[in-house]
Amino acid sequence: MNISYRNSLQMRGVAIVFLSLHNLLHLAFPEIKECEFAFYPERVEKVLSYTSGGPWDYFTFFFNYWGWYVITIFIFFSGFGMVMKYERKGKLLSFWPYFCRNYVKLLLLMLIPWALCFRTLLKPSALLQLTYTINILKPENIVPGVFWYFGLTLQLYLLYVFFHHHRSNKWLLWCSLSMLLLMAVLAMLPPSKLQVHVGHNFPYWLPVFLLGVWFARGGNDSPFMRIVERHRAWAFVLFFVLWFVATVTRELWALAPILAILLLIAVFHEHHGKKELPKPLAVISKGFGDVFAWLGKISPGIFVWHPVVRMYYAVSVDGSTADAFKTGNYILVTIVYLAITILIAAIYVPLYKKLLPKVLAWLKLEKV
């Protein structure tokens with residue numbers, strides 16, 4: 001079982017659209033909220049008992065509660081990419097240059113959109129956010145909230161150094177099981193700031209990251225993945241059912257991110273034995289595939305700019321409701337939001353890719 005570069009881009013493209021919709025549609029339908037960092041029984045009850053509303057309402061509350069799970073794709077490929085770069089290609093990993101390079105890459109990507117959302121550098125939490133220590137110290141003060149991902153990513157990059165030097169699958173297994181057990185225990189407790197605090201940091205997400213490490217190290221050819229490939233349709237159904245149940249069940253909630261990425265792998269992996277589609281369907285499939293692959297290429301830009309567009313286009317003065325949604329033109333507002341975000345990202349990502357090597361060269365980090 002393989003995931004081609006094109007498939008990985010398509011997965012990122014689908015993920016970034018889902019994530020952008022998730023973060024926008026909270027404003028249109030704030031009654032339904034997710035269980036991202038902690039398990040909230042009352043939120044689950046509200047989702048499962050929802051029976052009124054039109055197609056738009058169901059579309060919205062689906063993205064509100066479940067849309068965020070696609071973040072697992074980016075975490076998975078972070079682990080996958082580390083192995084491909086530093087193990088498969090044999091690139092030297094020297095801790096301090098490695099840390100500085102990855103910190104600069106994240107900071108340069110984030111800086112301008114973050115400044116537009118943060119609005120003033122005089123707040124005490126500005127330094128915490130620029131050093132990515134805010135996840136550990138004051139995650140509730142992250143602005144915009146979705147940028148918690150940057151602090152998490154840097155934590156995972158740092159943890160990879162350990163797994164780079166300790167490559168036994170036993171380390172991957174036991175560390176993953178330990179974190180899953182921790183989150184399972186926390187899920188059994190009443191929701192608290194402790195759970196939210198832990199959820200903003202690596203414990204909840206390390207198993208997904210290590211799954212990417214394992215997959216890149218040969219897990220893609222493991223007996224388990226071969227079974228998934230041979231029985232792709234059944235695997236899809238099984239992973240979907242297990243994932244759905246885990247998202248609404250306290251006892252299984254900690255497993256939901258792992259099941260989400262297994263589900264997405266079953267959907268997007270390179271399937272060499274598949275039958276060719278009829279020509280009209282093949283053209284449509286390729287067209288959608290090309291669109292999502294392109295979106296995958298500019299997904300870093302969409303990620304950092306969609307909260308900016310949301311803030312200045314769709315949020316009211318008090319930040320609680322969306323002025324744009326008050327018109328009732330929900331679909332139009334959503335399409336315009338995505339279009340503006342994608343347009344900015346399409347310009348921003350090429351500029352970022354041109355600037356990054358120059359900044360790294362100036363800091364003498366271009367070859368590390």
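1. Of the 368 residues in the protein chain, 51% are buried, where buried means under 20% relative accessible area, exposed over 50% and partly exposed in between, with a 1.4 Å probe and protein chains only. This is a predicted model, in which local features need pLDDT of at least 70 and side-chain atom pairs count only at pLDDT 80 or more, while totals for chains, interfaces and linings use all residues. Residues are numbered from 1 along each chain as its sequence is written, and side-chain values use heavy atoms, with hydrogens and water left out.

2. The protein chain holds 17 helices and zero strands, these being DSSP runs (H or I, at least four residues, for helices; E, at least two, for strands) numbered from the N terminus. Among its contacts with a separation of 6 or more, 77% come from residues 24 or more positions apart, a contact being heavy atoms within 4.5 Å.

3. Helix α1 (residues 5-28) and helix α17 (residues 330-362) have axes that come within 11 Å and cross at roughly 130 degrees, the axes being lines fitted to C-alpha atoms over the stretch in contact and the angles running from 0 to 180 degrees between N-to-C directions. The contact involves Ser20, Leu21, Leu24 and Leu25 of α1, together with Thr334, Tyr337 and Leu338 of α17.

4. Helix α5 (residues 95-118) has a kink of about 45 degrees at Leu111, shortly before the proline Pro113; the bend is the angle between axes fitted to the seven residues ending there and the seven starting there. Just after α5, Arg119 adopts a positive phi of about 75 degrees.

5. Cys35 counts as buried because its relative accessibility is 1%, and Cys117 counts as buried at 4% relative accessibility.
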